[in-house]
Amino acid sequence: STEAGIKDRSNAVFSKAGLEVIFYFLLDKNRMNSGHEEIAQKTGTSLGDISNILEGLRKAAFLTINSKGLYKIVNKEELLIKWTAYYEQILKPILKIGSFRFLHEEDFLAREKLELQSDTTCWGGEAAGAILMGDLKPTTLTLYTLERPEELVNNYRLIADPEGNVQIYQKFWTSEGDTGKLVPPILAYADLMIGSTHTSKETAQRIYNELIQNQL
């Protein structure tokens, strides 16, 4: 049935691989025309998946192809909203390394003094929102990293704690999208939209208006 067909295509688009590829495109709209092989290599995705994802995006009306065969993302705000929803359901849970807390509680407040390993670890969520917009007081800290749990424990004086207020996730993009010690604004936006508080959603909207809207 048509409905099943649509579901299958949307599964390819919003699968783990699809979400990573869309994120790669949202960070830089020129990347979708860099050739399937380069996209596959940079996102760690198979060539077959790239074709399915691009075709799925086209059929879902998020992608157009011009007469020269060049792709262009359309309906970008809607795509970002949809990406955020699927990121919460599908990709973010897979990326979770664990919950931690600081050995010394005061380090939570003095977090900006932490010397994050550049290229491997960066702030997301409320911490990124606070740094980008200035008026958010985080209750939970989010880190995205390529460091192993034992390195995190040693480097940042953390302790694994299921009830901890430091949430750590696997970094899933290449460093080309990085802005120093922060996740790209699109990911800060998604983390904050997923957040449960009115303030985090408000901060997400400001990040969208000031940092994302004109870049998409």
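**Strand pairing and spaces**

Author: In strand 6, leucine 158 is the residue that stands opposite phenylalanine 102. The model is a predicted one, in which local features need pLDDT of at least 70 and side-chain atom pairs count only at pLDDT 80 or more, while totals for chains, interfaces and linings use all residues. Residues are numbered from 1 along each chain as its sequence is written, and side-chain values use heavy atoms, with hydrogens and water left out.

Strand 3 and strand 6 are antiparallel and share 3 bridges. Strands (E, at least two residues) and helices (H or I, at least four) are DSSP runs numbered from the N terminus, and two strands pair if DSSP finds at least two bridges between them. Strand 3 (residues 96-102) also runs antiparallel to strand 7 (residues 166-170), to which 4 bridges join it. Here phenylalanine 100 faces valine 166, and serine 99 has glutamine 167 as its bridge partner. In a regular strand, side chains alternate between the two faces of the sheet.

The open sheet has 5 strands in the order 4-5-7-3-6, with mixed pairing. From one strand to the next the twist averages 35 degrees; axes are lines fitted to C-alpha atoms (for helices, over the stretch in contact), and angles between N-to-C directions run from 0 to 180 degrees.

Strand 7 also gives two or more residues to the lining of the largest pocket, as do helix 5 (76-95), helix 7 (125-133) and helix 9 (185-194). Of the 17 lining residues, Lys92, Thr142, Asp191, Ile194 and Gly195 lie nearest the pocket's centre. On a 1 Å grid over the protein atoms alone, a pocket is an open set of points with protein on both sides within 12 Å along at least five of seven lines, a cavity is a set where a 1.4 Å probe fits but cannot get out, and lining residues have an atom within 4 Å of a point. The pocket holds about 330 Å³, a volume being the space filled by probe spheres set on grid points joined across faces, edges and corners.

The search finds 1 cavity of 30 Å³ or more. The largest cavity holds about 50 Å³, and its lining includes Phe25, Asp28 and Gln215.

As for confidence, pLDDT (the predictor's confidence in each residue, from 0 to 100) averages 90, and 93% of the residues score at least 70.
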